[in-house]
Amino acid sequence: MTVFRSGPSGLPPGDGPVVVTVGTFDGFHRGHRRVLAEMAALASARRGRSVLVTFDPHPLRVVRPEAAPPLLTTPDEKKAVLACSRLDYVVFLAFTPELREFSPRRFVEEVLLRRLRMSHLVIGYDHGFGRGRSGDVNTLRAIAADRGFQLDVVKAVHSGPAAVSSSSIRRALLEGRLVDANRWLGRPYSLAGTVVKGDGRGQDLGFPTANLRVAGTDKLIPAEGIYACFATVSQGRFMGAMHIGERPTFPGASASVEVNLLDFNADLYGQMIHLDLIEYLRPVVAFGSVAALTEQMRADVADTRKLLERRLVMAPVT
């Protein structure tokens, strides 16, 4: 897979049809994966090239900043997920105030046809594009008939009666429904960032924690609570009990994202750490004493170990 920032040159020269999909693709959930799988299959069958076009920043950051959602996947996380796909190329198109004003037809003609030499477009059933999202699937059918490219519309992936969507996953994460979010994503929700110095309370309590400065200011932080997770650092992959949110047992303490790595004892300051969130254990509560908090932390670690060891035996996280 080759990643391109937007630019005037388009794709490198090559033979065969160019199969394209376009979208924000925040989260790369199961619905997005269906689109990517169909596009890759078409490109392979036609001995062509597959191209995913996405945007940076999220279009709502430009169109309506006050309504822009927190991101399920930052641009770097998108690249990491896509590196494991069957795609040939990914284009990160800068979403600028100028691009915002493109009509649906202008976007198709100038970006997809002229710059990318598209011959086949694969799109999700609910795709909206162009100025004010005035273009939809019916718009694309009309443009395709006029300009002579092929169009495939991919149906939704459902979970119960509702279609899997980025907005439903955000809602689940903010409500502490991590199992639902992970099922719809098709993988564990993740956080990544740099380990920074905290106030040292975890060390004093016998449960040293790595405090995380999350990468990406737009990244969605799930609901406050205690989570079982897997943590990947330079020394390897470890089980972890993670805290997100306020620390009400200690008045005046700031909110934090921190994780206690099980069976680990090394300095992590300044390191990057990647967390795969597996299960929500409990909400954050205020304890009447430090002793009561310590006892609960001991139980959290035991629950985490039991849950994650069972997970490793049943189905290792990928």
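This is a predicted model: local features need pLDDT of at least 70, side-chain atom pairs count only at pLDDT 80 or more; totals for chains, interfaces and linings use all residues.
Which residues is Ser168 in contact with, leaving aside its neighbours within four places in sequence? Ser168 turns out to be in contact with Ala163 and Trp184, once the neighbours within four places in sequence are set aside. I placed Ser168 in helix α7, and at 10% relative accessibility I count Ser168 as buried, because the cut-off for that class is under 20%.

**Entry: the chain as a whole**

I then stepped back to the protein chain, in which I find 10 helices and 14 strands. The C-alpha trace spans about 75 × 40 × 40 Å along its principal axes. Of the 318 residues, 49% count as buried, and the chain exposes about 15,300 Å², of which carbon and sulfur atoms supply 53%.

**Entry: α7 against α8**

Helix α7, residues 166-174, and helix α8, residues 178-185, pack at an angle of about 155°, with their axes 7 Å apart. Angles over 145 degrees count as roughly antiparallel, and α7 and α8 are therefore roughly antiparallel to each other. I recorded the crossing of α7 and α8 as left-handed. On the α7 side the contact is made by Ser168, Ile169, Ala172 and Leu173, and on the α8 side by Leu178, Asp180, Ala181, Trp184 and Leu185. By class, I sorted the residues of this contact into 7 nonpolar, 1 polar and 1 charged.

How many of the residues of α8 are buried? I find 6 of its 8 residues buried, so that I describe the helix as mostly covered. The buried ones are Leu178, Asp180, Ala181, Asn182, Trp184 and Leu185. I next looked up what these buried residues pack against, and the list holds α1 (30-45), β7 (158-159), α7, β9 (189-196), β11 (225-233) and β14 (272-282). Just after α8, I noted that Gly186 takes a positive phi of about 85°.

**Entry: α5 against α6**

The contact is made by Pro104, Arg105, Val108, Glu109 and Leu113 of α5, together with Thr139, Leu140, Ile143, Asp146 and Arg147 of α6. By class I recorded 5 nonpolar, 1 polar and 4 charged residues for the contact of α5 with α6.

**Entry: backbone details in the loops**

I went through the loops for backbone angles to write down. The peptide bond from Asp56 to Pro57 is cis, with omega near 5°, and I located Pro57 in the loop between β3 (49-56) and α2. Arg47 has a phi near 55°, a positive value in a residue other than glycine; I found Arg47 in the loop between α1 and β3, where its relative accessible area of 74% makes it exposed. Arg117 likewise is not a glycine and has a positive phi, of about 55°.

**Entry: Ala68**

Is Ala68 buried or exposed? Ala68 is buried, with a relative accessible area of 14%, and I located it in the loop between α2 (59-63) and α3 (75-82). Leaving aside neighbours within four places in sequence, I find Ala68 in contact with Leu60 and Arg61. I also looked up the separation from Ala80, which lies 12 residues away along the chain, and the C-alpha atoms of Ala68 and Ala80 are separated by 23 Å.

Note on methods: Residues are numbered from 1 along each chain as its sequence is written. Side-chain values use heavy atoms; hydrogens and water are left out. Axes are lines fitted to C-alpha atoms, for helices over the stretch in contact, and angles run from 0 to 180 degrees between N-to-C directions. Helices (H or I, at least four residues) and strands (E, at least two) are DSSP runs, numbered from the N terminus. Angles under 35 degrees count as roughly parallel, over 145 as roughly antiparallel, 65 to 115 as roughly perpendicular and the rest as oblique. A crossing is left-handed if the near helix is turned anticlockwise from the far one by less than a right angle, and right-handed if clockwise. Contact means heavy atoms within 4.5 Å. Ala, Val, Leu, Ile, Met, Phe, Trp, Tyr, Cys and Pro count as nonpolar, Asp, Glu, Lys and Arg as charged, and the others, Gly among them, as polar. Buried means under 20% relative accessible area, exposed over 50%, partly exposed in between (1.4 Å probe, protein chains only). Accessible areas come from the Shrake-Rupley method with a 1.4 Å probe; for residues, only the protein chains shown count as cover.
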